[in-house]
Amino acid sequence: MLRYQAPVKDIHFLLNEVLPVKNYANLPGFEEATLDTLLAVVEEASKLASEVILPTNAVGDQEGCQYDPASHGVTTPTGFRAAYRAYVEGGWPGMSAPVEYGGQGLPHLLKFIVDEMVCSTNLSFGMYPGLSHGAVAALYHHADEALKARFLPKLVSGEWTGTMCLTEPQCGTDLRLIRTRAEPQADGTYAITGTKIWITGGEHDLTENIVHLVLAKLPGAPESTKGISMFIVPKFVPETGERNPAFCGGLEHKMGIKGSATCVMNFEGAKGWLVGEANEGMRYMFTMMNGARLMVGMQGLGLAETAYQISLAFAQERLQSRSLRGPQSPDKPADPILVHPDVRRMLLRQKVFNEGNRALAYWVAFHLDNAHANPDPAEREASDDLVQLMTPVVKAFLTDEGYANANWAQQVLGGSGFTVDWGIEQLVRDGRIARIYEGTNGIQAMDLVGRKLSLHGGRLIRRYMGLLRDTLTRHPEQTYAASLKGVLDNLQTATGWLASHGMKDSENAGAAASPYLRLVALSALAYLWAEMDRIAAERIAAGEATPFYTSKRKSAAYFFERGLQEASMLLADIESGKGTLMAHEEAELA
Ligand SMILES: Cc1cc2nc3c(=O)[nH]c(=O)nc-3n(C[C@H](O)[C@H](O)[C@H](O)COP(=O)(O)OP(=O)(O)OC[C@H]3O[C@@H](n4cnc5c(N)ncnc54)[C@H](O)[C@@H]3O)c2cc1C
């Protein structure tokens, strides 16, 4: 049985003490977003997650979705419809959506927090409203006023859901190969024809309409990503109710997220409307994907948090062997496994990286809000630079670590972790996909190294390193100043190595991409753990030596002593270049 309690204390710490969230209410458009309001929403969201969404998790995995070939319909597992209704009635879909289309205009940071809780309690369920948010963002930024008026209000309210239709049988990463076609019609619409695969929420029974954002090519379009356009293709045409020939042709049978309908979608001359300009579809889709990538990062964190809670409770209850220090529970036949250093190793890895990753995600979300709302263009630009740089990092690192941590949690449970009774094996299966979709984690690393590093002549990474070095100047007395400086020096060296060796031979950049992404992530965690430690130390010095603050300091010590060790190994990996990776001839790999 899955158990979960939202990590409210940690969320309060980040909102109250670590991030400058108090300033939100001074930003235009965020006047309502006082700290009290944010904390009240966090409280309500934790109830939604534990009371409404959590009970749907195991049943969703057991039943999965059902496809009916006669109607092309999909039935979601027991309880999903009621939970979705409650989600919509609570106003959750439009929380951070634009006010002019019925949203509440609250900070994206708040949405990140709620996403984490939803993914902690049922990842499959969270995917139905999850993609609508990205669809709203893409339409809001790129569609004309008429399309916005027709589609946005019901997507924002959650009465309809959105999908993202990119993948086809012959193309996942490489979208140049898209074959779906869009034929212009006399009435100004387009007839969309083609097959998309693995479309999340392509068909379901939660809402009366589904709005597909489809990438397709116009006749004569260039054979590159510059020849792709975006179309909006509703299941039912809003004004007439006409059923559009955009049919689900079947469901995938998957390792995990069985409650999420992953659909083959056949577009058979379906009526579509062009979003924005022709051939700009990839650019528009990135508006959707960037939001979705950050959300997938929260999926990794959300699952890992639940896994940690289960493994901690297990370690407190399971009695095996005596402590190496001698009996700690002499009245019992054995001590709880929590006493064993090797079990602590598995628990601490989870706790410290989950808390660090949460701080990282919220920090990026804070800058996402600042990039939109700050009246000062220089501030907006600085925040946007950070968000662009860190989007692939949050997606890849939080899902890699989330998956690794769910595995550590499973290991803490011994054989019980392999049985279905504790729910951990489902978390491991569910979490695996987050490293793959929305662009695999390898592709996130390529995005960081191949695109983000060179943007604006290297401004993003320079600014990032400057920001982190600045904290060393402002707080030279902080406990971990030397460690933070050490990882920054490693990052500087790695960035310089990439600039010279990656330029000369782009296979060197390809070889270095994944370890470089991890190095950036560890440097951000070092910055954030140093901040959290400093704040906790100040509170303790002021007489507040609560278990929360003392634990923060001990966790920071773990991070700098053990977690950050990987940074020097990553630098060595980067500096090895493509050498041994590319040395084998193809025949030698067999
Ligand atoms: C459950 C599920 C839900 C999904 N939901 C959606 C959805 O809603 N909408 C949608 O459009 N798609 C969806 N997808 C598709 C998903 O986004 C793709 O699976 C993903 O982008 C990877 O594409 P691919 O599977 O074709 O792998 P490939 O592109 O074939 O890649 C295979 C491997 O090669 C690597 N690789 C490929 N090219 C390069 C390169 N240039 N450099 C280095 N490495 C490379 C990849 O990292 C990967 O490890 C979903 C998939 C699944 C399984």
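**View 1. Helix α8 against helix α12 in the predicted model.** Helix α8 spans residues 281-317, and helix α12 spans residues 424-432. Their axes come within 10 Å and cross at roughly 165°. Angles over 145 degrees count as roughly antiparallel, so α8 is roughly antiparallel to α12. The crossing of α8 past α12 is left-handed.

**View 2. Residues where α8 meets α12.** From α8 come Gly 300, Leu 303, Thr 306, Ala 307 and Ile 310. They meet Ile 424, Leu 427, Asp 430 and Gly 431 of α12. By class, this contact holds 5 nonpolar, 3 polar and 1 charged residues.

**View 3. The buried face of helix α4.** Helix α4 covers residues 80-89. Phe 80, Ala 83, Tyr 84 and Tyr 87 are buried here. Seen down the axis of α4, the buried residues fall within an arc of 100°, so they line one face of the helix. Which elements cover the buried residues of α4? The cover includes α2 (35-53), α3 (57-63) and α6 (123-142).

**View 4. The other side of α4, and the residue just after the helix.** Ala 82 and Glu 89 are exposed on this side of α4. Just after α4 comes Gly 91. The phi of Gly 91 is positive, at about 80°.

Notes: Residues numbered from 1 in each chain as written. Predicted model: local features only at pLDDT ≥ 70, side-chain atom pairs only at ≥ 80, totals over all residues. Axes fitted to C-alpha atoms, helices over the stretch in contact; angles between N-to-C directions. Helix = DSSP H or I, 4+ residues; strand = E, 2+ residues; numbered from the N terminus. Parallel < 35°, antiparallel > 145°, perpendicular 65-115°, else oblique. Left-handed = near helix turned anticlockwise from the far one by under 90°. Contact = placed C-beta atoms within 7 Å. Nonpolar A, V, L, I, M, F, W, Y, C, P; charged D, E, K, R; others polar. Buried ≥ 20, exposed ≤ 12 C-beta atoms within 10 Å, placed from the backbone. Arc of directions from axis to C-beta.
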